[in-house]
Amino acid sequence: MTSAVSGPKYLSVREHLRRRVSALPEHTLLPPEPVLCEEYGVSRITLRRAVDGLVADGHLVREQGRGTYVTRPAIRHEYRESFVHRIAGWSSVMTEQGAQVGTTVLTQRIVPVHSPVAAELGLEPATDVVELVRLRSVDGAPNHVAHSFLPAATYPRAAEADLSEGSLYEFLRREYSADLAHARIVVDVDTAAPDEADLLRVVAGSPLLVVRTTVRDSAGHPLVHSFSRLRPDVSQVEFEVSVSGR
């Protein structure tokens with residue numbers, strides 16, 4: 001089998017299986033382990049490690065005497081981005097998981113960059129950036145508010161494009177062939193201001209998870225800086241660490 005992603009073999013098998021089971025009806029039985037091992041060209045240990053991950057995520061269920069069958073994860077309205085095998089934004093990842101994603105663009109304009117963002121993007125003070133603020137929802141329930149900043153000179157069309165659907169990262173790849181190669185992520189905690197509390201349907205002063213992400217190209221140049229402010233009751237931040245020789 002040709003691996004669609006780099007990294008340990010079980011991750012490639014798990015990703016392929018995840019896509020496969022998402023297209024199958026609920027309660028469909030998976031083929032027996034020996035059949036899958038032969039199909040993917042892996043050992044039972046590798047296959048079980050891949051399946052274990054899908055069981056933990058709620059995509060599969062094991063039952064003694066019956067086998068492993070397809071189920072559907074409970075709707076948890078999670079925040080999830082993938083940065084291990086590819087730089088994939090929240091919208092793309094959640095859509096792949098079968099969620100109904102909604103986006104309301106709250107702010108989309110060109111403004112002088114603020115100092116913290118300038119430092120992340122390696123820009124001189126007061127350089128113009130595109131500021132994009134979006135309320136993101138899952139199955140109609142508010143999930144988080146995402147703030148994104150891009151150098152206006154590099155990505156001017158981001159100030160005018162319709163970004164009420166789809167992924168910002170996919171827009172940058174499509175319109176600018178952007179080389180989104182690396183992501184640095186910092187997670188901390190803050191409290192909800194009154195305006196965002198109204199948007200997220202929480203009480204002002206409630207705790208929020210804050211995920212700050214700076215995406216760079218293969219040469220290490222910063223391209224996009226974002227921070228998302230998430231409801232912790234419907235959010236989960238997931239990291240996978242893959243060690244390679246590169």
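Residues are described here as buried when their relative accessible area is under 20%, as exposed when it is over 50%, and as partly exposed in between (1.4 Å probe, protein chains only). The model is predicted, so that local features need pLDDT of at least 70 and side-chain atom pairs count only at pLDDT 80 or more, whereas totals for chains, interfaces and linings use all residues. Residues are numbered from 1 along each chain as its sequence is written, and side-chain values use heavy atoms, with hydrogens and water left out.

Arg 201, which at 60% relative accessibility counts as exposed, has a positive phi of about 60 degrees although it is not a glycine, and is located in the loop between helix H7 (194-200) and E7; helices (H or I, at least four residues) and strands (E, at least two) are DSSP runs, numbered from the N terminus. Ala 126, likewise not a glycine, has a positive phi of about 70 degrees; Ala 126 lies in the loop that runs between helix H5 (115-121) and E4, and is exposed, with a relative accessible area of 53%. Most residues other than glycine have a negative phi.

An open sheet is formed by six strands in the order E3-E4-E5-E8-E7-E6, with antiparallel pairing, where two strands are taken to pair if DSSP finds at least two bridges between them. Strand E3 (101-112) and strand E6 (182-191) stand at the edges with a single partner strand each, so one side of each is left without a neighbour in the sheet. Neighbouring strands of this sheet are turned by 15 degrees against each other on average, direction ignored. Strand E4 (residues 128-138) is joined to E5 by ten bridges, the two running antiparallel, and Arg 136 stands opposite His 144 in E5. Helix H6 packs on the sheet, where it touches E4, E5, strand E7 (207-216) and strand E8 (222-230), contact meaning heavy atoms within 4.5 Å. The direction of H6 makes about 35 degrees with that of E5; axes are lines fitted to C-alpha atoms, for helices over the stretch in contact, and angles run from 0 to 180 degrees between N-to-C directions.

A search of the whole structure finds three aromatic pairs, with rings of Phe, Tyr and Trp (its six-membered ring) pairing if their centres lie within 6.5 Å, and with planes under 30 degrees apart counted as stacked, over 60 as edge-to-face and the rest as tilted. In one of these, the ring centres of Tyr 155 and Tyr 176 are 5.0 Å apart and the planes lie at 80 degrees, so the pair is edge-to-face. This pair links distant parts of the chain, 21 residues apart, with Tyr 155 in the loop between strand E5 (141-151) and helix H6 (168-176) and Tyr 176 in helix H6. Tyr 155 is buried at 4% relative accessibility, whereas Tyr 176 is partly exposed at 21%. The rings of Phe 171 and Tyr 176, with centres 6.3 Å apart and planes at 75 degrees, are also edge-to-face, and Phe 171 is buried, with a relative accessible area of 4%.
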